[in-house]
Amino acid sequence: MSLLAAAASDEGGITGFLLDLVDKLGPVGVGLSILAETVVPPIPSEAVLGLAGVLINDGRMNIVPVILFATLGSILGAIFFYYLGRALGPRRSHAFLDRLPLVETSDVDKTFAWFERHGRSAVFLGRMVPIVRSFISVPAGVVRMPLGQFLLFTAGGSLIWNTVLISLGVAAGDFIQANLKYLDYLVVAAFALAIGYLAYKRLKDVRRHRRERVVRPDVVQDPDRSV
């Protein structure tokens with residue numbers, strides 16, 4: 001049974017769609033998937049790159065162009081967020097990221113704190129850290145990091161990350177191919193957990209803001225407060 005037939009034999013779904021896209025477009029499809037995941041992350045890059053590794057293991061693609069196009073997709077997505085941060089500045093870019101679906105304030109805070117702690121090397125290191133890698137380009141744009149340096153660090157970190165994930169997909173290709181029917185369940189379960197956790201956190205934030213609004217008037221009207 002072929003790889004795509006195995007993916008479509010049961011549910012098809014996300015797994016079948018990704019495999020079909022990558023199989024039809026080849027390395028270009030991998031690059032487009034990573035670009036889309038970087039700008040609007042509906043599917044983890046781990047799933048895309050892992051499945052690309054499976055196709056390489058199946059003899060449908062060559063590993064070198066897949067890695068290069070995946071890295072190109074990462075770079076293009078990083079450039080988008082770099083110029084977003086450069087155009088909006090620290091406060092407005094932070095607010096913009098907070099409003100993205102499935103993005104939490106704590107994740108954005110973690111990304112900005114990572115950049116403050118590691119400086120410009122955060123662009124290189126952050127490309128290999130889950131969550132941080134999605135938005136590390138924003139604070140780089142905010143501080144107007146030189147574009148050439150930004151692209152060099154982004155390309156280096158992305159190249160390492162993509163090579164590792166694709167290589168793991170190649171190494172585990174036979175196992176993944178034998179269990180493709182379960183991959184959709186894992187992706188959907190992760191997505192559902194993310195939605196549930198986001199709703200829980202938003203509810204906690206709303207309750208906290210309500211409590212703060214009740215307390216603040218007493219603070220403002222404190223007669224001992226100096227004018």
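Predicted model: local features only at pLDDT ≥ 70, side-chain atom pairs only at ≥ 80, totals over all residues.
The order of elements along the sequence is accordingly α-α-α-α-α-α-α-α-α-α-α-α.

Of the 227 residues in the protein, 39% are buried. Among contacts with a separation of 6 or more, 71% are between residues 24 or more positions apart. The accessible surface of the protein amounts to about 12400 Å², and carbon and sulfur atoms contribute 66% of this area.

The nonpolar patch covers about 670 Å² and consists of L25, V28, L32, V64, L68, F69, L72 and L76. Two or more of its residues are supplied by each of helix 3 (27-39) and helix 5 (63-98). Helix 5 provides the largest share, with 5 residues. One of the patch members, L68, lies in helix 5. L68 has a relative accessibility of 52% and is classed as exposed, because the term applies to values over 50%.

The other patch carries positive charge and is formed on the surface by K204, R207, R210 and R211. Within this group, K204 is located in helix 12, which spans residues 180-220. The relative accessible area of K204 is 43%, so the residue is partly exposed.

Notes. Residues numbered from 1 in each chain as written. Heavy atoms only, no water. Patch = residues over 30% accessible without salt bridge, like charges linked within 9 Å, V, L, I, M, F, W, Y side chains within 5 Å. Areas by Shrake-Rupley, 256 points an atom, 1.4 Å probe, with all protein chains shown as cover. Salt bridge = Lys/Arg side-chain N within 4 Å of Asp/Glu carboxyl O. Lys, Arg positive; Asp, Glu negative; His and termini not counted. Charge placed at Lys NZ, Arg CZ, Asp CG, Glu CD. Helix = DSSP H or I, 4+ residues; strand = E, 2+ residues; numbered from the N terminus. Buried < 20%, exposed > 50% of the residue type's maximum accessible area, 1.4 Å probe, protein only. Contact = heavy atoms within 4.5 Å.
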